[in-house]
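Visitor: Could you walk me through this model, starting wherever you like?

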Amino acid sequence: MTSVRSAAGVALPPIRLAVERARQEALRRELDGCQLLAGIWCHGFTVAQLRSIRASLPSTARLLVAKNSDLAAAVEGTRWESLRPCARGMNAWLFVRSDEIPPALRPYRDFQKEWRLQLNDFTGAVYEGRLYGPDDFAQLEAMPTRVQSYQYLLGCLQMPAVSVLAALRARQEAMAQAEQPPAEEAAPAPAPEQ
């Protein structure tokens, strides 16, 4: 007869393995359609602080606290694999599903300023297959949003048309002046007689 303790010892490893695989699969699902994955060093954060960050994020961003080993296993063999060296220490992971990167990063920067947590900074991020270190986040935060990019593009497309219209209008005005008869000079008024 086997004891309960020995039976439980045999059953636990497969259960732990199944739970670990489920966590990794959940992370893989988060990576689907993701444009940016960023790590945030969250040592000492309270649950209330994490809720505050999550509440301020746009709907296209999601913040998860996950084991680094689970994240490393989930990104293995994907375009996110270059983030593995950043998976050390206590991290929260920001998954952004839109190419609107600055609006997704701004709420955390505001949170940092509000709570005066300058040491709890980004540990790294991967965007378009490139690894951004903690010092490179200024580039990500300064990127134009989609609306700004469209405005710039429309401006570039509109400028040649405006130039052509201005040239046509100037030519039309020049032709209109050439067709008008020259204005007759006013005859000098006779001098009043005295």
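**Aromatic pairs and beyond**

Guide: A search of the whole structure turns up five aromatic pairs, where rings of Phe, Tyr and Trp (its six-membered ring) pair if their centres lie within 6.5 Å, and where planes under 30 degrees apart count as stacked, over 60 as edge-to-face and the rest as tilted. This is a predicted model, in which local features need pLDDT of at least 70 and side-chain atom pairs count only at pLDDT 80 or more, while totals for chains, interfaces and linings use all residues. Residues are numbered from 1 along each chain as its sequence is written, and side-chain values use heavy atoms, with hydrogens and water left out.

Visitor: What kind of aromatic pair do phenylalanine 45 and phenylalanine 111 form?

Guide: Their rings are edge-to-face, at 5.6 Å centre to centre with 75 degrees between the planes. The pair links distant parts of the chain, since phenylalanine 45 is in the loop between β1 and α2, and phenylalanine 111, 66 residues apart from it, is in helix α4; helices (H or I, at least four residues) and strands (E, at least two) are DSSP runs, numbered from the N terminus.

Visitor: Are phenylalanine 45 and phenylalanine 111 buried or exposed?

Guide: Both phenylalanine 45 and phenylalanine 111 are buried, a word that means under 20% relative accessible area, with exposed meaning over 50% and partly exposed in between (1.4 Å probe, protein chains only).

Visitor: And what about phenylalanine 122 and phenylalanine 137, stacked or edge-to-face?

Guide: That aromatic pair is stacked, with 4.3 Å centre to centre and 15 degrees between the planes. Phenylalanine 122 lies in strand β4 and phenylalanine 137 in helix α5, so the pair ties together parts that are 15 residues apart in sequence. Phenylalanine 122 and phenylalanine 137 are both buried.

Visitor: Which residues form one aromatic cluster?

Guide: The cluster is formed by Phe45, Tyr108, Phe111, Trp115, Phe122 and Phe137.

Visitor: Changing topic, which residues in the largest nonpolar core touch the most other members?

Guide: Among its 25 residues, those are Leu36, Phe45, Leu63, Leu94, Leu105, Phe122 and Leu140; a nonpolar core here is a set of buried Ala, Val, Leu, Ile, Met, Phe, Trp, Tyr and Cys residues joined through side-chain atoms within 4.5 Å. At least two residues of this core come from each of β1 (36-41), α2, β2 (61-65), β3 (91-96), α4, β4 and α5 (137-141), and the largest share, five residues, is supplied by α4. A second, separate core of 16 residues includes Leu64, Ala66, Trp93 and Val126.

Visitor: What is leucine 36 in contact with?

Guide: If neighbours within four places in sequence are left aside, leucine 36 is in contact with Trp80, Leu94, Phe95, Val96, Ile101, Leu105, Ala125, Val126, Tyr127 and Leu140, where contact means heavy atoms within 4.5 Å.

Visitor: What is phi like at arginine 116?

Guide: Phi of arginine 116 is near 55 degrees, a positive value in a residue other than glycine. Arginine 116 lies in the loop between α4 (101-115) and β4 (122-127) and counts as exposed at 73% relative accessibility. Glutamate 128 also has a positive phi, near 55 degrees; its place is in the loop between β4 and β5 (130-132), and at 61% relative accessibility glutamate 128 counts as exposed.

Visitor: Last one: where in α6 does the kink lie?

Guide: The kink, of about 25 degrees, lies at glutamine 158, shortly before proline 160; the bend at a residue is the angle between axes fitted to the seven residues ending there and the seven starting there. In the chain as a whole, the secondary structure comes to six helices and five strands, and buried residues make up 31% of the 194 residues.
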